[in-house]
Amino acid sequence: MTAIYQREMRSYLTSAVGYVFLAVFYAIAGYYFFATSLVSNSTDLSYVFSNLFSIVIFLVPMLTMRLFSEERRQKTEQALFTAPVSFTGVVMGKFLACLTMYLLGMGGTLLYFLVMCAFQIPDVAVFCGNFLGLFLLGAALCAIGIFISSLTESQVIAAVGSLAIGLFLLFANSFTPVVSSEWINAVMDGISFYQHYLDFTRGLLNLSDLTFFVSVTALFLFLTVRHLERRRIS
């Protein structure tokens with residue numbers, strides 16, 4: 001797993017993908033920090049995180065689209081199938097590399113917190129809740145993107161598929177006003193990322209919300225492992 005992780009990190013840091021992701025993430029986060037905090041003289045960073053919540057849906061597919069689809073397109077996936085490491089190790093190595101890049105992007109929000117501390121101490125609980133919520137959201141999106149990438153050799157299809165699923169899970173609960181079935185509404189609310197993200201923005205740690213994001217992440221990583229195992233057999 002360590003070798004896979006190091007290889008993927010080198011790939012991110014020696015290609016344009018990683019730097020473009022970080023540049024776009026920092027630029028957007030910096031704009032919202034300036035527009036919602038500095039201009040209004042507010043120490044509330046929740047507006048920055050609430051905007052990033054929607055933005056990461058579009059950014060994370062940049063990190064995940066090539067992880068397996070590129071291996072498949074270049075016919076190098078056979079090396080993974082015969083490598084002295086389990087598929088779980090391969091998937092986790094790629095997932096952790098993707099998550100590391102995502103955390104590097106999120107690191108900018110820590111700088112904003114320190115800047116705010118120079119003037120007035122922000123609400124630490126709210127900041128930590130937003131930071132944890134955005135991290136869990138990113139982990140779930142990374143797992144989804146890795147699974148979609150394992151299904152196709154086209155990076156474009158992988159990116160679009162990951163984006164589509166992310167948008168659906170983000171806005172799932174917005175369909176409830178037009179659906180009369182109560183159980184469908186309950187399902188939509190249950191799978192909505194936004195619904196499970198709300199308490200984090202208030203600085204509240206709800207065990208059910210934490211379990212939801214961890215479960216989504218684990219589910220898609222498991223599906224990726226199972227798909228690779230099935231492809232090796234076939």
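Biologist: What share of the contacts in the protein with a separation of 6 or more comes from residues 24 or more positions apart?

Modeller: That share is 73%, where contact means heavy atoms within 4.5 Å. Bear in mind that this is a predicted model, in which local features need pLDDT of at least 70, side-chain atom pairs count only at pLDDT 80 or more, and totals for chains, interfaces and linings use all residues. Residues are numbered from 1 along each chain as its sequence is written, and side-chain values use heavy atoms, with hydrogens and water left out.

Biologist: What makes up the contact of H2 with H3, by class?

Modeller: Residues of H2, including Phe21, Phe25 and Ile28, meet residues of H3, among them Leu52, Ile55 and Leu59. By class, the contact has 18 nonpolar, 3 polar and no charged residues. Ala, Val, Leu, Ile, Met, Phe, Trp, Tyr, Cys and Pro count as nonpolar, Asp, Glu, Lys and Arg as charged, and the others, Gly among them, as polar.

Biologist: How do you know that the radius of gyration agrees with a compact globule?

Modeller: The globule rule is 2.2 Å times the number of residues to the power 0.38, and the radius is taken over C-alpha atoms. For 234 residues a compact globule would have a radius near 17 Å, and the protein has 19 Å, which agrees.

Note on methods
Helices (H or I, at least four residues) and strands (E, at least two) are DSSP runs, numbered from the N terminus.
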